[in-house]
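Hi everyone, thanks for coming. Have a look at the picture first, and then I'll walk you through a few parts of it.

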Amino acid sequence: MKTDKVIRYVLPTAAFVAAIGLWEATVRINQIPPVILPSPSLIATTLVKDWRTLFGSLEVTLGITLEALVAATAGGALLALIFAQWRPIEYAFFPFAVIMQVTPVVSIAPLLLIYLNPSVAVLVCAFLVAFFPILANTALGLSSIDHNLLDLFQMYKASRWRQLLWLRILSALPYFLGGLRIGGGLALIGAIVAEIAAGSAGQGAGLAFRIVESGYRLNIPRMFAALFLISVTGVAIFLITTALSHLMLRRWHDSARGRET
Amino acid sequence: MTAAVAIRSAAPAMTAPPPLVRLGAVGKTFANGVEALRGVDLDIRRGEFLSLLGPSGCGKSTILRLLAGLTGPSRGSIDWLSTNHDLGFVFQEPTLMPWANVFDNVWLPLRLAGASKASARQRVEEMLAKVGLAGFERAYPRELSGGMKMRVSVARALVTRPAVLLMDEPFAALDEITRMKLNDDLVALKCELDATVVFVTHSVFESVYLSDRIVVMAPRPGRVVAEVHVPTPSPRDEDFRLGAGYAAICRETSRALHGAMGGGVSEGIAAG
């Protein structure tokens, strides 16, 4: 038990530190110029030095990602509820959702950039990729309810509304949270991809824009610093959505239960 | 002791209590064309423990669903002859809401009838005590054993004090020891609450041990083929299970079931 915990936390930390150390050593020993590969220490210094610029970009990207995620969560969950309540609407509109999902966002981005102003286009791209997993997962959850429980509610003459509130929504919750975890990651990916597609046209100046711009200026340390911030954002989104899911399900759902060994 | 075995048309005129619900020539054909039930005439009497016994596909679960109003008959009629026809339903699985604790699960029927948590508390706690789960109000279903989950399910079905308790092979998924204990507790509870039970099973031995009356059904199409009365008063005990009378009634019931299967087919007759 004790050693298990040590292995689970110490091992990944040690591996990570070792990898960074190896990187630093390789760059120093071989005297690799920063334009080719900056050392971790130089990236850290750049991060501090350029903090004002980079933090501004982080705010932009984070803002777009969160707005897109909120819109995708609300839209996806709401549409899934509508689909579950009125099947004909699902038959009519589900194909659109699928088409939107399977068309790579990079290929839509240039079109959106023509029709919309760049910051809105980026937001729409991020929304489009985050939307579908939330919709699909919630719809799956709403349709995979224990039929006996539905029978029970029907036998006790529960209204459609109570059936929705007390049975369907709660029973779909684990699926919805799964969709949220996927959607959170995808919203960031969508925002980054769209920013890159927008390139120099982007006036928003998010992190991806910084990467493109630093590339043109051969400011490789700053490229890495921006990349680092994107990774940290992704990890943070993953941790927050996972914690949220665990918090909401830990009392009752098998996914949040540790197996007894 | 003799087993009173009678074919439908010659059911003995015992001092029977008045029927609670009457099925008249009920037939059910599903949308896919399968005829689940044909010409079922059946009275369910107040206070009796009635088992529906038969192999898979004989329509015994369909009768429960018809009684519960979850589906309507294709032919014939179902008439409730009492004013109270509240129902309780126990499925083969516990069918609890995993996100709700034991109290909230049992509260559900009362809650759907408009009872607040405070006003339902006494009835819920009383019923939980009756099924032997006092003190487990705040536990979640996943923390309970299979037998305990079934007890919660029974408490939920009985909390409204229903006129009829419908049970669809409720303990079939449990181990033998747990099942026997639950069967004994069920009969004791039924006697205490003076409830009426309709119990679907495919076990001859279980049905004889539990029932006042066993309706034997045959498949394709589902129909009633025989009725067996078990005169020994409830609740029964281990002595009954080991007695000659029990064996005789089991034999008669088994024979009726065998006849229902057309004599040659035996794999459908589940034992134990």
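Okay, a definition to begin: two strands pair if DSSP finds at least two bridges between them, and a strand is a DSSP run of E with at least two residues, numbered from the N terminus. What we have here is a predicted model, where local features need pLDDT of at least 70, side-chain atom pairs count only at pLDDT 80 or more, and totals for chains, interfaces and linings use all residues. Residues are numbered from 1 along each chain as its sequence is written, with chains lettered from A and ligands numbered from 1 in the order in which they are written.

So, the strands. In chain B, β2 (residues 19–29) is joined to β5 (residues 75–80) by five bridges, and they run antiparallel. Gly24(B) sits opposite Ser77(B) in β5(B). On to β3 of chain B (residues 35–45): seven bridges join β2(B) to it, again antiparallel. Lys28(B), for instance, has Leu37(B) as its bridge partner in β3(B). What do β2(B) and β3(B) form? A hairpin, with five residues between them, and Gly33(B) in the turn has a positive phi of about 95°.

Now, where do the chains touch? Contact means C-beta atoms, placed from the backbone, within 7 Å. Chain A puts in 16 residues and chain B 15 residues. On chain A's side, α7(A) gives the most, with six residues; a helix here is a DSSP run of H or I, at least four residues.

Last one: leaving aside neighbours within four places in sequence, Ala155(B) is in contact with residues including Val106(B) and Met127(B).

Notes: Two residues are in contact if their C-beta atoms, placed from the backbone, lie within 7 Å.
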